[in-house]
Amino acid sequence: MNICVIGTGYVGLVTGTVFSDLGNEVICVDKDAGKIAMLQRGEMPIYEPGLEEMVKHNVEDRRLTFTTDLAEAVKRSDVVFICVGTPPKPNGEPDMSFVEGAAQEIALALDRYKVIVNKSTVPVGTGDLVRKIIETHRKTAVDFDVVSNPEFLREGSAIKDTLEPDRIVIGAPTQQVAMKILELYAPLERPMILTDVASAEMIKYASNAFLATKISFINSIANICEAVGADVEQVSKGMGCDHRIGAAFLNAGLGYGGSCFPKDSSALVTTAEKYGYDFRLLRSVIEVNQQQALRFLDRLRQAMGGSFEGKVVGILGLAFKANTDDMRDAKSVELIANLLAEGAQVQAYDPIAIENTRRIFPQICYAKNAYEAAEGTEALVVVTEWNEFKQLNMERIRASMKRPLLFDGRNIYDPVKMRRLGFEYHCVGRTTAAFNTR
Ligand code: NAD
């Protein structure tokens, strides 16, 4: 099939590349000429494991091309995927201007029947909105259909998630239109949910809101564990064995960040409000998440004598999670901004995300590795759970620090071991009392 993918970000580039790998002819479009130039040179504008090899292979086989010419790409395609960003506005609503802009441009290029598939995460009703925009702006009365096909990939494992999704959701106006998109995904042999457009749009928000709820729930339990002397890791293990609960997303830490959970949970609250429903549960989930990193920072400040003024703090991990370079709503940004505002000097390390962080914080020191980030610090804070931090030579780290204060925001180290090595070790929801009982 001839496919056009609009937006070559984390979703669009991976989706287009995988569709080309399945044998389709794919044109990926972006209005960012810099990104397209990079892709045409064979360079990746984002970090995603396995992506570069798959792009290269499909470009060589001429199934995958890149352009800034949206009209031409739409004209050459039967199916057009919208994969543009829907970033949050200050009031929590998603900014729909990129989706609206893409729909207008599609309308102007519409020359024969096409299926327009919305893959961006958008509020219920966007299918109708896109339909209306295209009807208003198309030059001739060409027929078209609008489908919702929300994306569930996770950055860091996006290729695998696209090839082996838990489910594929297709929200279409008719069975016949749904079958056209189903045909595209059929080679993956994964469970398909065929539904109406509004339900498909809601499945995406409900799923992300539920995952965010799990995280804020376990973080709240962790905070209680700290007070009562229980160990949240034991608690989540005990909870996760119940198949009705499941073990995933029960890791206590600094809270969720990234380009999806914070914005999607806020967007669902504002959609509910718009329709007269106060989604109190989700508002609390968001509030717990906003407090979580600040609580951790309070504990750090207390451990450092009540002030960060003039102190050197090391940060391990900057990306919002491991295996990505994405800094959108990363917990590191919140922590570093607070540390700097309170007079601390920050030296940070991340395996992939340093260049993206430099654009946000040009004034901090960037280390070449974890050891350099720890050197001379009065506290070392683990912010992202990169695998390479799990097996560091911690004796070397401790010896190089001015004070061996280790704040593990992702619970990646064994508390007993860290204390034995001489660290003043702090983590989330695992108390000293609990360590002693092991
Ligand atoms: P992104 O910001 O990485 O990429 C979006 C791209 O769209 C940008 O390169 C931008 O230049 C381009 N663009 C915007 N308007 C355009 C236009 N009119 N023509 C051509 N290109 C245009 O975004 P992303 O992370 O890939 O997310 C895209 C959507 O998918 C969002 O709605 C997001 O919520 C959703 N989503 C993201 C993830 C994720 O993990 N990143 C997962 C699932 C769903």
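Me: Which residues in H9 meet which in H10?
Reply: From H9 come Phe217, Ile218, Ile221, Ala222 and Cys225. They meet Val232, Val235, Ser236 and Met239 in H10. Contact here means heavy atoms within 4.5 Å. Helices (H or I, at least four residues) and strands (E, at least two) are DSSP runs, numbered from the N terminus.

Me: What kind of model is this, and how are residues numbered?
Reply: It is a predicted model: local features need pLDDT of at least 70, side-chain atom pairs count only at pLDDT 80 or more, and totals for chains, interfaces and linings use all residues. Residues are numbered from 1 along each chain as its sequence is written, and side-chain values use heavy atoms, with hydrogens and water left out.

Me: At what angle do H9 and H10 pack?
Reply: About 135°, with the axes 9 Å apart. H9 spans residues 197-228 and H10 spans 232-240. That angle makes H9 oblique to H10. Axes are lines fitted to C-alpha atoms, for helices over the stretch in contact, and angles run from 0 to 180 degrees between N-to-C directions. Under 35 degrees is roughly parallel, over 145 roughly antiparallel, 65 to 115 roughly perpendicular, and the rest oblique.

Me: Left-handed or right-handed crossing?
Reply: H9 and H10 cross right-handed. In that case the near helix is turned clockwise from the far one by less than a right angle; anticlockwise is left-handed.

Me: What about H12 and H13, how do they cross?
Reply: Their axes come within 11 Å and cross at roughly 45°. H12 is therefore oblique to H13. The crossing is right-handed.

Me: Which residues meet there?
Reply: H12 brings Asn289, Gln290, Ala293, Leu294, Leu297 and Leu300. H13 brings Lys331, Glu334, Leu335, Asn338 and Leu339. By class, that contact has 6 nonpolar, 3 polar and 2 charged residues.

Me: New topic. How many residues are in the largest nonpolar core?
Reply: It has 62. Ile315 and Tyr413 have the most contacts inside it. Helix H12, residues 280-303, gives the most to this core, with 5 residues. A nonpolar core is a set of buried Ala, Val, Leu, Ile, Met, Phe, Trp, Tyr and Cys residues joined through side-chain atoms within 4.5 Å.

Me: What does Ile315 touch?
Reply: Leaving aside neighbours within four places in sequence, its contacts include Ile336, Leu339, Val346, Tyr349 and Leu380.

Me: What does the second core include?
Reply: That separate core of 37 residues includes Cys28, Leu39, Val117 and Ile168.

Me: Val122: buried or exposed?
Reply: Val122 is buried, with a relative accessible area of 4%. Buried means under 20% relative accessible area, exposed over 50%, partly exposed in between (1.4 Å probe, protein chains only). Val122 is in the loop between strand E5 (114-118) and helix H6 (126-137).

Me: Which residues is Val122 in contact with?
Reply: Thr86, Met96, Val99, Glu201 and Tyr205, leaving aside neighbours within four places in sequence.

Me: And Lys263, buried or exposed?
Reply: Lys263 counts as buried, at 12% relative accessibility. Lys263 is in helix H11, residues 261-274. Not counting residues up to four places away in sequence, Lys263 touches Thr86, Pro87, Pro88, Gly92 and Thr121.

Key:
Nonpolar A, V, L, I, M, F, W, Y, C, P; charged D, E, K, R; others polar.
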